Amino acid sequence: MELSLCPPDGRLKSPSQIARVSTECWALQNFYCANCGNILTQFPTNTKVDDFYSYECREKFQLKSSKSSFSKSVLGAKYSVMLDRIINDTHPSFILLHYDFSRWEVEDLSIIHRACITRSCILRRNPLSKGARQPGWTGFKLSLKDIPKLGQIDIINHGTIRDKSD
């Protein structure tokens, strides 16, 4: 497993878009399904909730990346969609990727298994104001403190890669 992120796409200008594209590229080239060990396949762009899946076992994943360490919560997308997916037991496991912005390398990577993500972990955010680009849109936060440590599996910790066989 390589720790260097994919080089930034010169066409993108937004730092968040550059990070999204680089971390998604890294996951496709370096990461694997924590369930079956096979490579990941990317869902089509703009697929709601899901980013990757294993062709072998059909396990689904959503990638969240940040230049800051994940501590208390993770920002998610649309609250109603995620809540519906949890109720219908079709929600993905989460891949949490923390990268070092100055070195453009993966620093930490962990998996939160879908079995540990319940309705109580999904915290509704306030709707966007009337002046926003999407007024009324409501996102969520994934509360990490409400997820058991057993369900948070460290794969990379401070740049040290855990053996895949573990």
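**Exercise 1. Aromatic residues**

Identify which residues form one aromatic cluster, and state how many aromatic pairs the structure holds.

*Solution.* Step 1: the cluster consists of Tyr 99, Phe 101 and Trp 104. Rings of Phe, Tyr and Trp (its six-membered ring) pair if their centres lie within 6.5 Å; planes under 30 degrees apart are stacked, over 60 edge-to-face and the rest tilted. Step 2: the structure holds four aromatic pairs. One of them, Phe 43 with Tyr 53, is tilted, at 4.7 Å centre to centre and 50 degrees between the planes. Step 3: this pair links distant parts of the chain, since Phe 43 lies in the loop between E1 and E2 and Tyr 53 in strand E2, 10 residues apart. Both Phe 43 and Tyr 53 are buried (under 20% relative accessible area; exposed is over 50%, partly exposed in between; 1.4 Å probe, protein chains only).

The model is predicted: local features need pLDDT of at least 70 and side-chain atom pairs count only at pLDDT 80 or more, while totals for chains, interfaces and linings use all residues. Residues are numbered from 1 along each chain as its sequence is written, and side-chain values use heavy atoms, with hydrogens and water left out.

**Exercise 2. Helix H2**

Find which residues of helix H2 are buried, and where they pack.

*Solution.* Step 1: H2 spans residues 79-87, and its buried residues are Tyr 79, Met 82, Leu 83, Arg 85 and Ile 86. Helices (H or I, at least four residues) and strands (E, at least two) are DSSP runs, numbered from the N terminus. Step 2: viewed down the axis of H2, the buried residues fall within an arc of 160 degrees, so they line one face of the helix. The arc is taken from the directions from the helix axis to the C-beta atoms. Step 3: these residues pack against strands E3 (60-66), E4 (73-78), E5 (93-100), E7 (122-124) and E8 (139-143). Step 4: just after H2, Asp 89 has a positive phi of about 55 degrees.

**Exercise 3. Ser 73 and Ser 143**

Decide for Ser 73 and for Ser 143: buried or partly exposed?

*Solution.* Step 1: Ser 73, in strand E4, counts as partly exposed because its relative accessibility is 31%. Step 2: Ser 143, in strand E8, counts as buried because its relative accessibility is 2%. Step 3: leaving aside neighbours within four places in sequence, Ser 143 is in contact (heavy atoms within 4.5 Å) with Lys 72, Ser 73, Cys 121 and Leu 123. Step 4: Ser 73 and Leu 144 are 71 residues apart in sequence, yet 5.1 Å apart in space, C-alpha to C-alpha.
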